[in-house]
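Open the model in your viewer and get the selection tool ready. Each stop says what to select and what is there.

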Amino acid sequence: MSHCHWHIMTRLWHSFASQTFLKCCRSVSQVWQETTLSGEKIHYIRTEGNNGLEKLSCDADLVILLSLFEEEIMSYIPLQAAFHPGYSFSPRCSPCSSPQNSPGLQRASARAPSPYRRDFEAKLRNFYRKLEAKGFGQGPGKIKLIIRRDHLLEGTFNQVMAYSRKELQRNKLYVTFVGEEGLDYSGPSREFFFLLSQELFNPYYGLFEYSANDTYTVQISPMSAFVENHLEWFRFSGRILGLALIHQYLLDAFFTRPFYKALLRLPCDLSDLEYLDEEFHQSLQWMKDNNITDILDLTFTVNEEVFGQVTERELKSGGANTQVTEKNKKEYIERMVKWRVERGVVQQTEALVRGFYEVIDSRLVSVFDARELELVIAGTAEIDLNDWRNNTEYRGGYHDGHLVIRWFWAAVEHFNNEQRLRLLQFVTGTSSVPYEGFAALRGSSGLRRFCIEKWGKITSLPRAHTCFNRLDLPPYPSYSMLYEKLLTAVEETSTFGLE
């Protein structure tokens, strides 16, 4: 049985929904009647669970029916079943090919099953409609950023912080890279946000640090207090996040769940610590789940390291003299969570949130939860090749069955995930994929699909027009030449083709 069908069968079982399954099939009753699948098999899956799934995994009738009704089954799965930790979701059920250290593995799990996705997509459409209706980013004024690639961070800081709150909210955005002529029809802006986010949120600069769990999810660093003018830099960071939301650009930045909750001014709970510090979370979770009487000897204090010196801090007034018991452990856990999230970064967080809401309307963004806001800001790094190919158009004589195009997709399939992301960044200006997938790629005038056009001599490298999501691909005479030229273009060029 395919990976896809196994996921659907698993969801069918977790929904406990023989009636739900029949309900989704009533609309296609004729096809249902033509199948030989009886209600007994559905009942068997429901009652036997994983054993039932395994025994029926090769049942031809069941596989056929699941293929026919995949969308209907997925769309009727209840939300509480959808987030069962035993499985994850990927579009079109294509297995993720990301390497183990790729952020795509983590971000893919954020893509929610159908009912949640549809609700979020409706929120997202409504959010952008309201932004436009209220005049955010519509002009007639302009924010003109003239960017030097070798002074990206400082130059952007000086220019963005010079604009007023009203100008940032209302004006259109235009980006020009010094020495690279051409008009900004969104391509330079997309690359600008991509490159800026890579630098601004890089732990190397001291404002942010990697979480305790991995080396790609970042959080505000307590050591940022030693960065000159650090509060203004966090206010600037918030403004950049707000501008990216208004102008619908994705950032190449991956934050912890508490970070997104801070942006939304939502309190954190114990479950959020799992994204911040897994070991810390596990210890508090054990404490919550077990009777600690005569086992733990704790007070309402915590040890902090400040300037290399370990000091004891009270979690509440008189905490050093307050013993943690089974009765008051709930309060202790809540205070420990608050301390761990806020540890040394309260002022920095406040500055970042202030900058964020200098650009975006808090009432508009409040419709999202933390998981949704993550998808709006960063999209998903998972590359679904089927989705990519199905949402690509061709020009100049190319078509999906053309030999050169078949070589192209064979080359992309041979790429590792990082190379695929670089190719996407080369052509579109960003390596992020919108939440809705490749069908939602944006160009200079709204939605614009990935495009491949026949162009140039076989001695030329492929070139890109990021404003139009278009790759100009010469008609190379062999797969090996195409692969070599494409890889060279993607890995060794960094500027725009002009049009």
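Colour the protein by pLDDT, the predictor's confidence in each residue, from 0 to 100. The mean is 78, and 71% of the residues reach 70 or more. This is a predicted model: local features need pLDDT of at least 70, side-chain atom pairs count only at 80 or more, and totals for chains, interfaces and linings use all residues. Residues are numbered from 1 along each chain as its sequence is written, and side-chain values use heavy atoms, without hydrogens and water.

Select residues 70-114. Here pLDDT is below 50. Where pLDDT is low, the predicted coordinates should not be read in detail.

Now compare two helices (DSSP runs of H or I, at least four residues, numbered from the N terminus).

Next, select α21, residues 370-378. Leu373 and Ile377 are among the buried residues. At the N-terminal end, find the cap: a side-chain oxygen of D369 lies 3.1 Å from the backbone nitrogen of R371. Just after α21, G379 has a positive phi of about 60°.

Last stop: select α24 (residues 417-428) and α25 (residues 479-492). Their axes, lines fitted to C-alpha atoms over the stretch in contact, are 9 Å apart at an angle of about 75°. That makes the two helices roughly perpendicular (65 to 115 degrees between N-to-C directions). Which residues of α24 meet α25? They are Q419, R422, L423 and F426.

Terms used
Contact = heavy atoms within 4.5 Å. Axes fitted to C-alpha atoms, helices over the stretch in contact; angles between N-to-C directions. Parallel < 35°, antiparallel > 145°, perpendicular 65-115°, else oblique. Buried < 20%, exposed > 50% of the residue type's maximum accessible area, 1.4 Å probe, protein only. Polar contact = N/O pair within 3.5 Å; in protein donor to acceptor, adjacent residues only side chain to side chain.
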